[in-house]
Amino acid sequence: MSPGKQARASRAGVAIVAGMALAIAATPLAASAADHLDAPAAKADHRVDITDVYAFRSGASMTTLVLNVDGLMTPADSKAASFRPNALYELKLDRDANGRADLAYRVRFSAPTRNSDGTVTQAYVVRRMVGAGAADNVWTGNVVAVGRTTPYKHAVRTGAVNGGGQVFAGTRDDPFFFDLPGFINFKEKLLGGSTDLGQLLGGFTHNDTFAGTNVLSIAIRVPNAKLGGTGASVGVFATTSVPSNGGWKQIDRMGRPAINTVFNGLILPSASDYNGLEKDAFNAQRPGRDRTTTKDNVTTVLNAIGNVLTANGATPYTAGQVSAIGNVLLPDELTLTLGSSAGFASGTSLATLSLNGRRLGDDVIDAEFALVTNFVITTGDGVNHNDKALLGSFPFMAGPH
């Protein structure tokens with residue numbers, strides 16, 4: 001392919017991906033990114049809206065798991081932000097690749113207590129559940145940690161985990177980075193029927209929409225031996241649930257970034273009730289059902305991108321490759337080799353692609369653009385790092401703004 005055709009294919013590929021990714025946006029800060037505000041039930045209470053999940057090596061024999069909620073918080077909002085006291089927050093592991101968790105770390109919080117400086121703190125309890133019961137959303141398991149959240153702008157407070165490790169809960173800088181206004185411009189122009197690449201690319205700002213915003217974070221660092229042993233391959237995802245009819249109703253779920261955002265809710269107009277229902281249903285189900293409910297949507301998006309690539313002289317994926325990618329992305333779990341220092345994605349083609357957990361600094365937007373565009377696009381939104389430097393010690397996320 002000539003350099004000119006390759007450049008045109010890259011720009012067109014970005015446009016179509018952006019349009020798909022933002023098809024549900026209503027306003028700039030209501031648009032989904034990673035999983036910020038990705039579905040109606042999650043939007044109803046930001047405290048149980050999962051923004052991102054991370055899983056990464058944090059020492060020769062240690063792994064850190066992170067669950068972030070309540071995204072797009074301003075510093076003013078962050079001062080008294082608290083986890084939902086009657087909610088259940090879970091980090092789950094699928095250790096036999098069957099789409100069902102067989103290990104879960106479960107966290108619940110007390111009602112917040114206000115400090116003299118206007119900040120708040122909450123007591124929390126962490127339970128560990130191993131076996132078939134880990135797949136359910138229930139408050140069972142052995143208590144492995146107790147502690148209190150770190151108040152806003154206070155020194156980091158961590159708790160000890162029985163059997164080794166640490167736990168943290170509190171407000172942190174949002175480590176996700178992404179140029180959202182540029183993609184909103186893509187969406188508006190693309191859905192309006194424009195094929196002018198200047199119009200489609202005109203709103204690309206290269207600025208991090210999430211700079212200056214915070215999240216509520218739960219981080220658990222434990223020995224690999226507690227998760228399956230160094231070298232073992234595990235699937236990692238998170239859920240949030242609220243009390244319902246004497247049990248628990250799962251509100252949100254996330255593994256890989258942007259799966260629900262990009263591949264569900266494709267009906268136009270974007271405000272279609274069906275889109276919200278489909279996204280809520282995806283968040284409420286177990287990963288083992290993902291290929292049944294969502295693989296057709298993955299195929300639709302990848303084929304649409306393939307048509308753009310073909311029109312611009314680039315090579316699209318074959319039908320077999322599209323199916324294979326669907327099986328890689330679903331079920332929606334981060335696949336992590338315990339002890340590996342590799343990041344979210346590496347490789348320059350589908351044949352050399354390797355996925356491994358998600359580190360806090362990984363540029364997942366660029367990696368996912370490369371994957372869905374047959375590696376025609378290797379740089380995505382022009383935002384390549386977080387707005388604050390990460391910490392070198394647990395909980396690793398930067399302090400809040």
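Trainee: What covers the buried residues of α9?

Mentor: The cover includes α6 (259–263), α8 (290–311) and α10 (364–372). This is a predicted model, where local features need pLDDT of at least 70, side-chain atom pairs count only at pLDDT 80 or more, and totals for chains, interfaces and linings use all residues. Residues are numbered from 1 along each chain as its sequence is written, and side-chain values use heavy atoms, with hydrogens and water left out.

Trainee: Which residues of α9 are buried?

Mentor: In helix α9 (residues 319–329), they are V322, I325, G326 and L329. Buried means under 20% relative accessible area, with a 1.4 Å probe and protein chains only. Helices are DSSP runs of H or I, at least four residues, numbered from the N terminus.

Trainee: What makes them line one face of the helix?

Mentor: Looking down the axis of α9, the buried residues fall within an arc of 105 degrees, so they sit along one face. The arc is taken from the directions from the helix axis to the C-beta atoms.

Trainee: Why is F282 called buried?

Mentor: F282 has 2% relative accessibility, so it counts as buried. You'll find F282 in helix α7 (residues 273–284).

Trainee: Which residues does F282 touch, not counting those up to four places away in sequence?

Mentor: They are R253, I259, N260, N264, D290, T294 and D332. Contact means heavy atoms within 4.5 Å.

Trainee: How far apart are the C-alpha atoms of F282 and M254?

Mentor: They're separated by 9.7 Å, with the two residues 28 apart along the chain.

Terms used:
Buried means under 20% relative accessible area, exposed over 50%, partly exposed in between (1.4 Å probe, protein chains only). Helices (H or I, at least four residues) and strands (E, at least two) are DSSP runs, numbered from the N terminus.
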